[in-house]
Amino acid sequence: MTRDAVNNICKTLPGADWSEPFGPGHDVWKVGGKIFAAMGAVTEGVSVKTPDIETAAMLIEAGVGIKAPYFHRSWVLLPLDVGQDELTHRIHRSYALIRASLTKKTQAALAPFDPDT
C-alpha cells in the first residue's frame, strides 16, 4: 500500500481529522483531538494503537510490525507492505480504541462506526 491509500482509509472514518503537527510530511490522523494513526516523514509505515502492550508485543513477535518510535509501547509501526487487509483492520481497531476513550458527548456527536466493516 501507499501513504495515499492509508490516508484514504483514515479519511473515511467518522470525525477523522488530518494534520501535520510534527511538520511537513508527517501525516497524523485524530478523532476527538486524539491520535489514532500517524505516518512519519522518513519511516515508511503507519503507527497505530493496540489494546495493550501484550497485543503490541504479539504483533512485533509475529513480524507484523515493530515498536512505534516516539509512542507508548501499546503502539506498533506497520510497514506499508504488510497488506491492505491487515492495515485496514489495524487502522480501524486503533480508531475504535481511541474513539471509545472519548467523552460520551464527543462519541455521540460522531456517526456510527463498526470496526469490522
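Arg90 and Glu86 both sit in helix H3, residues 84–100. They are four residues apart, about one turn of the helix. Helices here are DSSP runs of H or I with at least four residues, strands are runs of E with at least two, and both are numbered from the N terminus. The side chains of Arg90 and Glu86 meet in a salt bridge, 3.0 Å from N to O. The term means a side-chain nitrogen of Lys or Arg within 4 Å of a carboxyl oxygen of Asp or Glu. Side chains of opposite charge can pair when their charged atoms come close.

How exposed are the two partners? Arg90 has a relative accessible area of 15%, so it is buried. Glu86, at 25%, counts as partly exposed. The cut-offs are under 20% relative accessible area for buried, over 50% for exposed, and partly exposed in between, with a 1.4 Å probe and protein chains only.

## Where the numbers come from

This is a predicted model: local features need pLDDT of at least 70, side-chain atom pairs count only at pLDDT 80 or more, and totals for chains, interfaces and linings use all residues. Residues are numbered from 1 along each chain as its sequence is written, and side-chain values use heavy atoms, with hydrogens and water left out.

Arg3 forms one with Asp27, and their closest N and O atoms are 3.0 Å apart. This pair links distant parts of the chain, 24 residues apart. Arg3 belongs to helix H1 (residues 3–11), and Asp27 to strand E2 (residues 27–31). Both Arg3 and Asp27 are buried.

## Nonpolar cores

In soluble globular proteins, nonpolar side chains tend to be buried together. A nonpolar core here is a set of buried Ala, Val, Leu, Ile, Met, Phe, Trp, Tyr and Cys residues joined through side-chain atoms within 4.5 Å. The largest such core has 24 residues. Val6, Cys10, Val31, Phe36, Val46, Leu78 and Ile91 have the most contacts inside it.

Which elements each supply at least two residues of this core? They are H1, E2, strand E3 (34–39), strand E4 (45–49), helix H2 (53–61), strand E6 (75–79) and H3. The largest share, four residues, comes from H3.

The largest pocket holds about 300 Å³ of space. Pockets are found on a 1 Å grid over the protein atoms alone, with a 1.4 Å probe: each is an open set of points with protein on both sides within 12 Å along at least five of seven lines. Grid points are joined across faces, edges and corners, and the volume is the space filled by probe spheres set on them.

Lining residues have an atom within 4 Å of a point. There are 13 of them in the largest pocket, and His26, Gly40, Pro69, Tyr70 and Phe71 are the closest to its centre. The lining divides into nine nonpolar residues, four polar and no charged. Ala, Val, Leu, Ile, Met, Phe, Trp, Tyr, Cys and Pro count as nonpolar, Asp, Glu, Lys and Arg as charged, and the others, Gly among them, as polar.

Tyr70 lies in the loop between strand E5 (66–67) and E6. Tyr70 is exposed, with a relative accessible area of 86%. Its phi is near 75°, a positive value in a residue other than glycine. Most residues other than glycine have a negative phi.

Lys34 is in strand E3. Its relative accessible area is 38%, so it is partly exposed. Beyond its neighbours within four places in sequence, Lys34 is in contact (heavy atoms within 4.5 Å) with Trp29, Ile98, Ser101 and Leu102. Lys34 and Ser101 are 67 residues apart along the chain, with C-alpha atoms 9.1 Å apart.

Ala96 lies in helix H3. It is partly exposed, at 21% relative accessible area. Leaving aside neighbours within four places in sequence, Ala96 is in contact with Phe113 and Pro115.
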